[in-house]
Amino acid sequence: MSIKNIYTNSLGNEISTKQAIQLGKYLLKVYENDILVRIESYSKDVLLGTSYNLSSKNEVSSILSLDSNASFQIKTQQGNYVSYECLTYQNNHLIDKQIFLEHITLKEIICRHFYNAETDTIIHSNTIKRYYDQNGIEIYSFDYNEDGTCFFINKPQEYQTDFYAKNIGVDPDLDFTWLGFEYYQFSEPLIPA
Amino acid sequence: MRQRIDRIARVGVRENAHAARVRQRGDKTIVASALESQMDYWITVKNEKYPIGKFASLEDCNDFKDEITSLIKDFGLPTNDIRFQGSSLRTALANDVDIAIFITEDQVGNIRKRIIDELQKEYLVNSSINSPLIQKQIEDFEKTVKKIDEQIANGFIKNRQFGKRNNLTFMQNKYERGILPNHDLDISIIIKKQGFDTPPYLKF
């Protein structure tokens, strides 16, 4: 098994070992057979925490028994999508849960769900869904109300063209309709039908 | 036609640049009579000192200015140069009220840093600041930073990038606080002397 270590800054950009020492705060990405298996976070050479990349939840409890402040990314493929469940623990207690859904062909995140870790329910007002065109350009991003209905649609590429979901079908100057965008009308589901 | 040319010369070609830009974007075309009517409307707005189609009075408008300035301040953004711009200055039929927070090139670095710090907080909702970002969070964070930089390169930063307060976006906060409840609002940061620094404006 080959093991490779790569140092990066907090934004994930690769840096040299010397730069990492100078920077004080850095990440160490550990690869086994070219697969990223964990990310260690350091400040002044003190290990702050480790994030483990897993393909199932089976190993979570055994890792937690050794590292009670671990975080995890659990990758699961479902059809044309890959979901990444991100879990953060403190003293063996789950404090944060987020799920990212990636479109395999586009290689873009099309949905981000944040959870209330205690109740294991989605915080809809934190959900972001993004619509990309075939060239991978982000055309719309959608924000949601607490009840999961769409609140606002942003057009990241354009200036002053964002609009409220409440105006869809009401404002005659607005040519957007939910037809073909049904997945984006609500915070749920995570995976498009 | 001669009269129209005289009017444009009198009101100022520069003040019609925004109308020209709207036409360039391809989403609207403006015939000469409509442009003339917009110029008349703008002159009235300028004299009255508020977008007359969106507020009942100057006092009503001033209340709005106080409320939105307070929200902008809560998001840690500069409030020394806020302006009305866009269609609410040119027509009573405008769909929304456009607000721009003007910043100079010198301010861009600090505001970019603040916005990126806010973005990082969005990913670390419940975790401590020392918790390592997980791989997919890092990747998504990097891509979003790239998008912010693209907007900055184009001369603006959209309100979705302002971060969150009380776990709500700027627009969600505007709605929660009941600011300008009967009208839609759009707000962005504009970098002075770049592509979207186009009149007419009405300073707060």
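**A helix pair in chain B**

Mentor: This is a predicted model. In chain B, helix α5 (residues 105–123) packs against helix α6 (residues 135–154) at an angle of about 150°, and the two axes are 11 Å apart.

Trainee: Why is α5(B) called roughly antiparallel to α6(B)?

Mentor: Angles over 145 degrees count as roughly antiparallel. The angle here is about 150°, so α5(B) is roughly antiparallel to α6(B).

Trainee: Is the crossing of α5(B) and α6(B) left-handed or right-handed?

Mentor: α5(B) passes α6(B) in a right-handed crossing.

Trainee: Which residues of α5(B) and α6(B) meet?

Mentor: From α5(B) they are B:V108, B:R112, B:I115, B:I116, B:L119, B:Q120 and B:Y123. Their partners in α6(B) are B:Q137, B:D140, B:F141, B:T144, B:V145, B:I148, B:D149 and B:I152. By class, this contact has 9 nonpolar, 3 polar and 3 charged residues.

Trainee: What makes A:D34 stand out in its backbone?

Mentor: A:D34 has a positive phi of about 70°, although it is not a glycine. Most residues other than glycine have a negative phi. A:D34 sits in the loop between β3 (25–32) and β4 (35–43) of chain A.

Trainee: How do you know whether A:D34 is buried or exposed?

Mentor: Exposed means over 50% relative accessible area. A:D34 has 59%, so it is exposed.

Trainee: Where is B:N166, and what is its phi?

Mentor: B:N166 is in the loop between β3 (156–158) and α7 (170–176) of chain B. Its phi is near 55°, a positive value in a residue other than glycine.

Trainee: Why is B:N166 called exposed?

Mentor: The relative accessible area of B:N166 is 66%, so B:N166 is exposed, the cut-off being over 50%.

Trainee: Which residues does a cis peptide bond join in chain A?

Mentor: A cis peptide bond joins A:E188 and A:P189, with omega about 5°. Most peptide bonds are trans. A:P189 is in the segment after β14 (163–164) of chain A.

Trainee: Which residues does a cis peptide bond join in chain B?

Mentor: There, B:P199 and B:P200 are joined by a cis bond, and omega is about 5°. B:P200 belongs to the loop between β4 (184–191) and β5 (201–203) of chain B.

Trainee: How many helices and strands does chain A have?

Mentor: Chain A has 2 helices and 14 strands. Its C-alpha atoms fill a box of roughly 60 × 35 × 30 Å along the principal axes. Its accessible surface is about 9,800 Å², with 48% belonging to carbon and sulfur atoms.

Trainee: What share of the residues of chain A count as buried?

Mentor: Buried means under 20% relative accessible area, and 53% of the 193 residues of chain A count as buried.

Trainee: In what pattern do the elements of chain B follow along the sequence?

Mentor: Chain B reads α-α-α-α-β-β-α-α-β-α-β-β, with 7 helices and 5 strands. Of its 204 residues, 53% count as buried.

Trainee: What share of contacts in each chain join residues at least 24 apart?

Mentor: Counting contacts between residues at least 6 apart in sequence, the share is 23% in chain A and 69% in chain B.

Note on methods:
Residues numbered from 1 in each chain as written. Chains lettered and ligands numbered in written order. Predicted model: local features only at pLDDT ≥ 70, side-chain atom pairs only at ≥ 80, totals over all residues. Heavy atoms only, no water. Helix = DSSP H or I, 4+ residues; strand = E, 2+ residues; numbered from the N terminus. Buried < 20%, exposed > 50% of the residue type's maximum accessible area, 1.4 Å probe, protein only. Axes fitted to C-alpha atoms, helices over the stretch in contact; angles between N-to-C directions. Parallel < 35°, antiparallel > 145°, perpendicular 65-115°, else oblique. Left-handed = near helix turned anticlockwise from the far one by under 90°. Contact = heavy atoms within 4.5 Å. Nonpolar A, V, L, I, M, F, W, Y, C, P; charged D, E, K, R; others polar. Areas by Shrake-Rupley, 256 points an atom, 1.4 Å probe, with all protein chains shown as cover.
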